[in-house]
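Here is a short report for a reader new to this structure. Look at the chain below before reading on.

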Amino acid sequence: MAIKKSKTNKTKKVAKVEAKPAKTEKTTVVQNKPAKKKRATIKEEIKDYLAERNNKVFIGNWKMNMKFDDIKSYFDHFNTLLKKDKILSQMNNLIGIAPTAIGLLPVAGMVKNGVMPVAQFVHHAKQGSYTGCISYDQVHEYNINYAIVGHSETRKMFKLTENDINLVVKTLLENDMHPILCIGDTLEEYESKETEKSITRQLLNDLKGIHPELVKNVIIAYEPIWAIGRKAATVEQIQRMITFIRTTIEEMFDSKTAKETHVLYGGSVKVENAMDILKVKGLDGFIIGGDSLNPESFYEIIISSQEYARVNSIINAKKIAKANKKIE
Ligand code: PGA
């Protein structure tokens, strides 16, 4: 389960991207040309990671925020916090940051400690006349292997159909990439008690025709639209939906797939509520919007899992045992 040690940021290419973009024409494409060699290793690490699944996933969705200098100071701070944390370094969480398209390469150049850059949106076509989009292939070229698919804001803005979402999910899986598929109910659906119906429809359409073997490479995020940027769903509501999603996956595919697929929650996750929500049975982590824009808050959320507390207590117990031995 070794996704952590991403080599993405170690390539020569990315190191160059890290530099503040020059204002002249010389910020060249050539300078950003990706090194292709390390891809296989990263893929292997991702497969191991997803196969084992005794870990948590934390995706910071930056939406349309953060300019270059903000990104730089963010990682100065965030990298220091992660580096200092000897507990976290022993865990196999997947931590990802999803910046804007223009922020992807600076982020890829600055992430350390296994943190992964994540695309917020990719087009399923390899290339072509799609003004305003970036293709999965352009992202993959830089060893960026994760992409959010079907965030409710993106679905609405680009008027994406469930068929469009299905095409992106399929394309990413066929290219050894990992879709972070967002599904969620609208306020109207929630109020008219149609949440389950809406989620079932989205799962059926978004994951249509996908081989069961590949489904576990999809990270599913339940993001009630009414909770995003407002007030989180309650622990009970989240528990009900996480269980419902797993049951639906089991009915669509099989129990092994339902067990192995990561299911996250997103929608106003904050430092204050993270620990309680993370106790939800079967929940594998979060997509965090607002609170991921602050490195301290994002870090606080990451370390609020029970697993973190458990590793901490194991380490402490070992230290005490060692100290006691010395005294004897
Ligand atoms: P929020 O956003 O945490 O700011 O509610 C979550 C999301 O939109 O993914």
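The report goes from the whole chain to single residues.

## Overview

This is a predicted model. The protein chain has 328 residues, and 43% of them count as buried. Its secondary structure comprises 15 helices and 8 strands.

## The nonpolar core

The largest nonpolar core holds 85 residues. Five residues have the most contacts inside this core: Val-118, Ala-119, Ala-147, Ile-180 and Leu-181. In soluble globular proteins, nonpolar side chains tend to be buried together.

Take Ala-147 as an example. Setting aside neighbours within four places in sequence, Ala-147 is in contact with Val-118, Ala-119 and Val-122, and also with Tyr-136 and Val-139.

## Helix 7 against helix 9

Helix 7 covers residues 162-174, and helix 9 covers residues 195-206. Their axes come within 8 Å and cross at roughly 50°. Helix 7 is therefore oblique to helix 9. On the helix 7 side, the contact is made by Glu-162, Asn-163, Ile-165, Asn-166 and Val-169. Helix 9 contributes Gln-202, Asn-205 and Asp-206. The residues of this contact divide into 2 nonpolar, 4 polar and 2 charged.

Asp-164 also lies in helix 7. Asp-164 counts as partly exposed, because it has 17 C-beta neighbours inside 10 Å. Asp-164 and Asn-205 are 41 residues apart in sequence, yet their C-alpha atoms are 9.7 Å apart in space.

## Two loop residues with positive phi

Most residues other than glycine have a negative phi. Two loop residues carry a positive value. Lys-159 has a phi near 50°. Lys-159 sits in the loop between helix 6 (152-157) and helix 7. Is Lys-159 buried or exposed? Lys-159 is exposed, because 7 other C-beta atoms lie within 10 Å.

Asp-176 has a phi near 55°, again positive in a residue other than glycine. Asp-176 is placed in the loop between helix 7 and strand 5 (178-183). With 15 C-beta neighbours inside 10 Å, Asp-176 counts as partly exposed.

## Ile-183 in strand 5

Ile-183 is part of strand 5. This residue is buried, because 27 other C-beta atoms lie within 10 Å and the cut-off for burial is 20 or more.

What does Ile-183 touch, not counting residues up to four places away in sequence? Its partners are Gly-150, Ile-199, Gln-202, Leu-203, Asp-206, Ile-220 and Tyr-222. Two of these partners, Gln-202 and Asp-206, also take part in the contact of helix 9 with helix 7. Ile-220 is 37 residues from Ile-183 in sequence, with 7.5 Å between their C-alpha atoms.

## Thr-248 in helix 11

Thr-248 is found in helix 11, which spans residues 235-252. Thr-248 counts as partly exposed, because it has 19 C-beta neighbours inside 10 Å, and a buried residue needs 20 or more.

Leaving aside its neighbours within four places in sequence, Thr-248 is in contact with Thr-200 and Leu-203. Leu-203 is also touched by Ile-183. The C-alpha atoms of Thr-248 and Glu-196 are separated by 9.8 Å, although these residues are 52 apart along the chain.

Definitions and conventions
Residues numbered from 1 in each chain as written. Predicted model: local features only at pLDDT ≥ 70, side-chain atom pairs only at ≥ 80, totals over all residues. Helix = DSSP H or I, 4+ residues; strand = E, 2+ residues; numbered from the N terminus. Buried ≥ 20, exposed ≤ 12 C-beta atoms within 10 Å, placed from the backbone. Axes fitted to C-alpha atoms, helices over the stretch in contact; angles between N-to-C directions. Parallel < 35°, antiparallel > 145°, perpendicular 65-115°, else oblique. Contact = placed C-beta atoms within 7 Å. Nonpolar A, V, L, I, M, F, W, Y, C, P; charged D, E, K, R; others polar. Core = buried A, V, L, I, M, F, W, Y, C linked by C-beta atoms within 7 Å.
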